[in-house]
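The following note sets out points for a colleague who has the model at hand. Please read each point alongside the coordinates.

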2 protein chains.
Amino acid sequence: MIDFPYLKEIVQTTESKILMVVADGLGGLASGNIRQSELEAARIPNINRLAQHSACGLSTPVAPGITPGSGPGHLALFGYDPLKYLIGRGALEAMGIGLELKAGDLAARGNFATIDSKGNLIDRRAGRISSDQAAPIAKRLNKVSVPGIEVTVEHVLDYRFVLRLRGENLSEKISETDPQITGVPPLKVEAMESNASATAQAVNMFTANAFKEIADESIANALLLRGWANAPSLPSFGDSLGLNPAAIAAYPMYRGLASIVGMKVIKTGPDFSSQVQTLNDCWDAHDYFFLHYKFTDSAGEDGDYNKKVTAIETLDSYIPELLELNPDVLILAGDHSTPAIMGAHSWHPVPFLIHSKWTHGEGVSRFNERELRQGSLGVFEAKYIMSHAMAHSGKLSKFGP
Amino acid sequence: MIDFPYLKEIVQTTESKILMVVADGLGGLASGNIRQSELEAARIPNINRLAQHSACGLSTPVAPGITPGSGPGHLALFGYDPLKYLIGRGALEAMGIGLELKAGDLAARGNFATIDSKGNLIDRRAGRISSDQAAPIAKRLNKVSVPGIEVTVEHVLDYRFVLRLRGENLSEKISETDPQITGVPPLKVEAMESNASATAQAVNMFTANAFKEIADESIANALLLRGWANAPSLPSFGDSLGLNPAAIAAYPMYRGLASIVGMKVIKTGPDFSSQVQTLNDCWDAHDYFFLHYKFTDSAGEDGDYNKKVTAIETLDSYIPELLELNPDVLILAGDHSTPAIMGAHSWHPVPFLIHSKWTHGEGVSRFNERELRQGSLGVFEAKYIMSHAMAHSGKLSKFGP
């Protein structure tokens, strides 16, 4: 939690409220014929006006040149060093579909696959069967029993599912079952550490029993497991910072990330107006709010420049309503850049502002990649964003005598 | 290698090519009557145009306020933390004259000296004898034998030479023989760690035998040894980054530095046009190129402001030819600043640009110390330059799910 060794001694609880708006994949890029980044092209009078009275900068999500996934991107925003606290693929996949993870749980990503009568793989993705076909088979897998372990299988999409094992001493240090080629049988799981052998045995028993359970399925008569990950164990965000935090996110993965750091995840609707309504509804009950806006990232990932511009403009239109709540600290940040011209996450530093009664204008007139680096925060590591949030809300006392 | 603990998991090999042009001692300074830095005074239309479409910043070679030698300066550019990977003086001196160093080799800087009949030092630099006088004496020292050790002595300049010992378990943890005063005998080498005593014994035997060998020399009848250094052992640049790297440098020290990180050092001529020709010749065979330009540093070290301006302009004139190679990533960097008004290396952050299809203009119109700090990279540690190079060439996949 916040990369400051004497944090505990300086944290103080106050009445002030922090609203952190995370626009996923906020940063963009201009290149070649595209002369303006998405933020530069967007009409964002409200955000620009805010920037004119904020402390501004560009945040480096993880490290220079490193393109983060959503996991490390968000952990940094919450004040966790993303190189110290890792979330495995299986765990994030479980979060992504809203499958609850408790400390000690072990999760894996699963593929349905096809094997022949000798047990050799014919298709590692079961002909990419549809969700309609795969969902009932995933359901069948919940019947598979392994002594001492609670087995949960939940369908994700097409041929993919998540396996969650709940039990004693389950270790993620086991190998994957996908041999990466066809014509051979799926691999047995092996322990990669001595204290993972019981887990390996249990998983191999699960697989053997699962193959029996679905042997009569014509295409998806086998499965492959990869991305083993224990539920990450992180220090509590609220306890560490003396906050009573609430998370308002429409997408399961971000609710999962918030939940895993101990935020209270508030039920909300699928669109941003519902989220803002939820924010209004729970405003009195909390002092930190993580409000997640997904649509900047999804438009960027689609490589749809105009859609991303529109997503930014839509976010801008909500700023007056957010300001009406009169937060002591308002942050607008992104977990990483997703330039539409790249159609993917990128390593580029991310536009950032923090607004409080202790910020003044910095000569920055517009909120975009080119202008914000002139701000007083310069180019800085995202893991320090929460330090700024705490400072500006009066929640950090003096360090040292 | 690149200060990112999960590097191995995200490195991916692609077809793209990285050209890193290192202008030695690139950064300069204005002060007093000199109103412009060397870069500000130089006419560099090609570099300026490049900067207008690049990601820009100022690189801190080692740490704020620290003036680096060529060793740490270059190691940082190659992605090695210069505080973690050290190159001792003896090793760098050996590299500087092109003397090959293998893992385990032990090198020292040597002075010829003069002793009287009682063995007391009269002159610690043998009257600063000329190269003409010293070279044959250095040659004689190659006849000195020490059991189990291969002795190589190579003349450097004037009264200076390099000693290289090759054998088993040679340790740099031994003391120097220069007592720093005259009227006393040269010191015996002592082990500074218990497992260095065999080395200390061997070196004392070398010195004793060497004194006998050159006892008949009138002035240079003794020698002093200092700067003991084992050949540094660094992780391979190419293996760590999935690159097939080539180094094109005219000066032995830079070839030595490239060689010690495992780059293929390509034979080239003494002037920059030969180096650029060599670059063209080997372009198809590699995917990373370290192209070293020495003349900015040597002019700066000479304290010759106009000469440094000219050296910068000369480099500028080669940019179109470099761009014709169409590198996916083009970097212009310096290992440190060498302001002509200081006539020496300095700690000042060094102008930097990286150009790729994923960079856009940043409002920076000219490549110099004053403007570049406005770039998106801000003032950043040079050890992250290779992270940027790898990111911009598509050679790093996403970190974390």
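**Notes on the model**

1. A:Gln180 is exposed, with 11 other C-beta atoms within 10 Å. A:Gln180 belongs to the loop between β6 and α7 of chain A, and its phi is positive, about 75°, although the residue is not a glycine. Most residues other than glycine have a negative phi.

2. On provenance and numbering: this is a predicted model, in which local features need pLDDT of at least 70 and side-chain atom pairs count only at pLDDT 80 or more, while totals for chains, interfaces and linings use all residues. Residues are numbered from 1 along each chain as its sequence is written, and chains are lettered from A and ligands numbered from 1 in the order in which they are written.

3. B:Asp158 sits in the loop between β5 and β6 of chain B. B:Asp158 is partly exposed, having 17 other C-beta atoms within 10 Å.

4. Chain A contains 14 helices and 13 strands; these are DSSP runs numbered from the N terminus, helices being H or I of at least four residues and strands E of at least two. The radius of gyration of chain A is 23 Å, close to the 21 Å that the globule rule gives for 401 residues, so the chain is as compact as a globular protein of that length. That radius is taken over C-alpha atoms, and the rule is 2.2 Å times the number of residues to the power 0.38. The C-alpha trace of chain A spans about 70 × 55 × 40 Å along its principal axes. Of the 401 residues of chain A, 53% are counted as buried.

5. Among contacts in chain A with a separation of 6 or more, 72% join residues 24 or more positions apart; two residues are in contact if their C-beta atoms, placed from the backbone, lie within 7 Å.

6. How is chain A divided into domains? The assignment gives domain 1 (7-86 + 234-392) and domain 2 (92-230), with bounds that come from an automatic or database domain assignment. The C-alpha centres of domain 1 and domain 2 of chain A lie 35 Å apart. Their contact takes 7 residues from domain 1 of chain A and 6 residues from domain 2 of chain A. On the side of domain 1 that touches domain 2, helix α9 (residues 252-260) of chain A gives the most, with 6 residues.

7. Chain A can be laid on chain B with an RMSD of 0.2 Å by a turn of 124° and a shift of 0.1 Å along the axis. That is the relation of a three-fold axis. The superposition is by least squares on the C-alpha atoms of residues with pLDDT of at least 70 in both copies.

8. The contact between the chains takes 30 residues from chain A and 22 residues from chain B. The elements that give two or more residues to the side of chain A that touches chain B are α4 (70-77), α5 (89-96), α13 (369-372) and β13 (378-381) of chain A. Only 7% of the interface residues of chain A are also interface residues in chain B, so the copies meet through different surfaces.

9. Helix α6 (residues 131-141) of chain A has the buried residues A:Ala134, A:Ile137, A:Ala138 and A:Leu141. Seen down the axis of α6(A), these fall within an arc of 105°, so they line one face of the helix; the arc is that of the directions from the helix axis to the C-beta atoms. The face turned away from the buried side carries the exposed residues A:Asp132 and A:Pro136.

10. In helix α5 (residues 89-96) of chain B, 6 of the 8 residues are buried, so the helix is largely enclosed by the rest of the structure. What covers the buried residues of α5(B) includes α4 (70-77), β3 (106-115) and α9 (252-260) of chain B. B:Gly98, which follows α5(B), has a positive phi, near 75°.

Terms used. A residue is buried if 20 or more other C-beta atoms lie within 10 Å of its own, exposed if 12 or fewer, and partly exposed in between; C-beta atoms are placed from the backbone.
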